[in-house]
Amino acid sequence: MSFKGISRPNATSGMGVADHSKNTFMDLKRKKVYRYVIFKVDEKKREVVVEKTGNPAESYDDFAASFPENDCRYAVYDFDFVTSENCQKSKIFFIAWSPSSSRIRAKMIYATSKDRFRRELDGVHYEIQATDPTEMDLEVLRERAH
């Protein structure tokens, strides 16, 4: 069986990553311009693009409220905390949001694109796979960061 000449990409090939997505992540990481970035897969462009950014003053509740209830997303969150030695620290979390109620096709596309996209984000400390809001609660981040 030959697949030569078939140029139509399929769900298992993964998505590309827009330069703007990489640059926005670097702005969060290096310049602290954003508290968080929400990314979505643009199926027409076949790449991961920035959907929303949150300014440094926004809360974790603002971030959590940015996720659609019935669709998948990727996100990075810059979590600030104080250690037991009273040191101010910051850790970047990568969250793969895939709620049970999302379309099967969306779950497949996000699952197959995650590793490639995640590799593009150099500097992420922790990764969370969430299918329910409780799996990415602020307490979960706190426990992972300490």
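User: Which helix gives the most to the lining of the largest pocket?

Analyst: Helix α2 (residues 60-65) contributes the most, with three residues. A helix here is a DSSP run of H or I of at least four residues, a strand is a run of E of at least two, and both are numbered from the N terminus. The model is predicted, so local features need pLDDT of at least 70 and side-chain atom pairs pLDDT 80 or more, while totals for chains, interfaces and linings use all residues. Residues are numbered from 1 along each chain as its sequence is written, and side-chain values use heavy atoms, with hydrogens and water left out.

User: What makes a residue part of the lining of the largest pocket, and which lie nearest its centre?

Analyst: A lining residue has an atom within 4 Å of a pocket point; on a 1 Å grid over the protein atoms alone, a pocket is an open set of points with protein on both sides within 12 Å along at least five of seven lines. The lining holds 14 residues, and A64, F67, W97, P133 and M136 lie nearest the centre. The residues divide into nine nonpolar, two polar and three charged.

User: Why is the pair of Y60 and F63 called tilted?

Analyst: Rings of Phe, Tyr and Trp (its six-membered ring) pair if their centres lie within 6.5 Å; planes under 30 degrees apart count as stacked, over 60 as edge-to-face and the rest as tilted. The structure holds 14 aromatic pairs. In Y60 and F63 the centres are 5.3 Å apart and the planes stand at 55°, so the pair is tilted. Both residues lie in helix α2, three residues apart, about one turn of the helix.

User: How do you know that β4 and β5 pair, and in which sense?

Analyst: Two strands pair if DSSP finds at least two bridges between them. β4 and β5 have ten, in the antiparallel sense, and R73 stands opposite W97 in β5. These strands form a hairpin with five residues between them, and N86 in the turn has a positive phi of about 65°. By the same criterion β5 pairs with β6; five bridges join these two strands, which run parallel, and A96 has Q129 in β6 as its bridge partner.

User: What makes β1 and β6 edge strands?

Analyst: The open sheet has six strands in the order β1-β3-β2-β4-β5-β6, with mixed pairing. β1 (16-17) and β6 (126-130) each have a single partner strand, so one side of each is left without a neighbour in the sheet. Further in, β2 (residues 36-42) and β3 (residues 47-54) pair in the antiparallel sense over seven bridges, with I38 opposite K52 in β3.

Methods:
On a 1 Å grid over the protein atoms alone, a cavity is a set of points where a 1.4 Å probe fits but cannot get out, and a pocket is an open set with protein on both sides within 12 Å along at least five of seven lines; lining residues have an atom within 4 Å of a point. Ala, Val, Leu, Ile, Met, Phe, Trp, Tyr, Cys and Pro count as nonpolar, Asp, Glu, Lys and Arg as charged, and the others, Gly among them, as polar.
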